[in-house]
Amino acid sequence: MTGPVRIPLNDYGVLGEPPEPGEWSPTRTVSVVIPAYRAERTLPLTLAGLARQTYPAHLMEVVVVDDGERPMEPPPMSSAGPLPERLRVVRPRDGAWGRASACAAGAEAAEGEVILFLDADLVLFPEHVEAQMRWHHLADYLVVLGHLRFVPGLDEVPASEVLAAVEAGAVPKLFAEDEATPQWTERRWDQTDDLRAAGFGAFSVMVGATASLPARLLRAAGGLDASLVLGEDTELGYRLAQAGAVFVPDRRSRCWHLGRSTVMRREPDVKRHNWPHLAERVPSFRWLRRHPGRTYLVPYVEVVVEVGDASFEEVRATVDAVLAGRLPDVRVTVVGPWGRLGGGRRDPLGDPSLDLRLVLACYQGEPRVRFHEAVPDDCFPVPFRFHCPPGWVPSRGTLGSIVKHADRQRLGIVSLALDERKDGRVVRARLERTAAMSRARRCAGPGDDLDDLVHEMYGTVWEAGSTWGFLPAAIAATTASPVPGRVRAGAPGVAGGGSRRPLTRPLRRTARLIRRRLRALVSPSAASPT
């Protein structure tokens, strides 16, 4: 095997058990980034805990981002505790404010290979940083989540008592574990074998109070969205998933959270605030996108149609069918040599580029259609890309049904055989999962085939396009749209069922020929990993 370890879905168990704290030799550097807003009372306690970590001090720096309207005042000597050896305080850029902006400023200033985000009201157990860093020595695309419990705040527990426990190495004894309140994410951990069985939804439990990831992975995902003032950790988790990340909760990376969280105190208000923002940016939250005709900042599926030598009518038949589908949050990318369409004098009816011009003119006012000279390398952060050849028409429910099938079967690629050309080439459509393609690229070594890697880590399958409601444009014009996955044997048309009017004899003959070819092309033995 070449390249990094290949983790199927979110089952990081293939990495084996990480080393026990204190029984290994760390080498990777870590920057602990702490966004601090009006945290004068609690920040010294968090810093004291960082000063007493078991992770080597020469491999760890601490970057505090002072996000207050004015710089924080130094704590009084009575509440000051030990400080980490390598500590810096930075300010966000002028005009920037909020946790996401502070975390972004800290990540930009950080020098470590790994970035560990911490809230400024945590009291860390001595092994907190080391427990997370064990995983980052095993694979370079992990997001590690710490384990916290909510305990009384400083109004009930004096800071001096907390500092004394830090100095004595007695942080675990400060509070009784069974009397502390678990974070809501812990329930999901319990239900999914610590996220090993969480599949594509593992990202949804990312909480930024204590979470670490490689700096390169954070940059690949685009960093934090500074336009968000709440919910930024969930949205970042979504983009990290699309970048191929695996999410690992570590119960050894423990800490106490002083006081209740904002979610615990004002859950309805937090949801009311966050859901509109997340609906725009996280397509995987389908329950937030129930409007039958809305479009959003981040589409659910990007459909790529390469013009090639297709006619205007063939391209329009495909694009119009996609736009008319039951899945509204789609984006269509039409790929063609648009740069050659000059504006000089020409014969409007004899122009050799007339079909290209007609395609461009047809969708100039459609915001869901864009034009590219070449197929983009990826569609990040859109979760799915669907390649559809022009001249093939999906039914209204086709696209949504294929995506649901890929989710239920946990597939990375679904390939659909549509036809076979005289030269033996297969005309196909193809659904690609962005997370799967991203991880395959991340794990690829010299000579590795990306499709093989996707099959190994997610699963791939070949099926007949006719069973999913695809028809050639000529046949689709004379038949009702078929229901994906419900083919009646012997029914007229390639996909069968619901003919509005009888097919002409040549079209029936064409349909039978396509069915025979597809039966020969599609193997029922394709499998996905368990």
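How do the residues of the lining of the largest cavity divide into nonpolar, polar and charged?

**Set up the view.** This is a predicted model, where local features need pLDDT of at least 70, side-chain atom pairs count only at pLDDT 80 or more, and totals for chains, interfaces and linings use all residues. Residues are numbered from 1 along each chain as its sequence is written, and side-chain values use heavy atoms, with hydrogens and water left out.

Colour by secondary structure. The protein has 15 helices and 18 strands. Helices (H or I, at least four residues) and strands (E, at least two) are DSSP runs, numbered from the N terminus. Of the 530 residues, 55% are buried. Buried means under 20% relative accessible area, exposed over 50%, and partly exposed in between (1.4 Å probe, protein chains only).

**Stop 1: the largest cavity.** Select Ala321, Val322, Gly325, Arg326, Leu327, Val330, Pro394, Ser395, Arg396 and Leu399. These residues line the largest cavity, which holds about 70 Å³ of space. On a 1 Å grid over the protein atoms alone, a cavity is a set of points where a 1.4 Å probe fits but cannot get out; lining residues have an atom within 4 Å of a point. Points are joined across faces, edges and corners, and the volume is the space filled by probe spheres set on them. The lining divides into six nonpolar, two polar and two charged residues. Here Ala, Val, Leu, Ile, Met, Phe, Trp, Tyr, Cys and Pro count as nonpolar, Asp, Glu, Lys and Arg as charged, and the others, Gly among them, as polar.

**Stop 2: the second largest cavity.** Its volume is about 50 Å³. Select its lining, including Leu145, Gln183, Trp189 and Thr210. Strand S6 (142-151) gives the largest share, three residues. Helix H5 (185-191) supplies at least two.

**Stop 3: the largest nonpolar core.** This core has 43 residues. A nonpolar core is a set of buried Ala, Val, Leu, Ile, Met, Phe, Trp, Tyr and Cys residues joined through side-chain atoms within 4.5 Å. Show Ile115, Phe117, Val143, Leu145, Met206, Leu240 and Phe247, which touch the most other members. Then show helix H2 (99-109). H2 gives the most to this core, five residues.

Centre on phenylalanine 117. Leaving aside neighbours within four places in sequence, its contacts (heavy atoms within 4.5 Å) include Val33, Cys103, Leu213 and Leu224. A second, separate core of 39 residues includes Val315, Val319, Val330 and Cys388.

**Stop 4: helix H12.** Select residues 434-443. Eight of the ten are buried, among them Met437, Arg439 and Cys443. The buried residues pack against helix H7, strand S9 (246-258) and helix H13 (450-457), among others.

**Stop 5: cysteines.** Cysteine 103 is buried at 0% relative accessibility, and cysteine 388 is buried at 2%. The structure holds zero disulfides (pairs of cysteine sulfur atoms within 2.5 Å).

**Stop 6: backbone details.** Find the cis peptide bond joining phenylalanine 380 and proline 381, with omega about 5 degrees. Proline 381 sits in the loop between strands S12 (369-372) and S13.

Next, go to leucine 9, in the segment before strand S1 (30-36). Its phi is positive, about 50 degrees, although it is not a glycine. Leucine 9 is buried, at 14% relative accessibility. Finish at aspartate 193, in the loop between H5 and S8. Its phi is also positive, near 55 degrees. Aspartate 193 is partly exposed, at 47%.

Note on methods. On a 1 Å grid over the protein atoms alone, a cavity is a set of points where a 1.4 Å probe fits but cannot get out, and a pocket is an open set with protein on both sides within 12 Å along at least five of seven lines; lining residues have an atom within 4 Å of a point.
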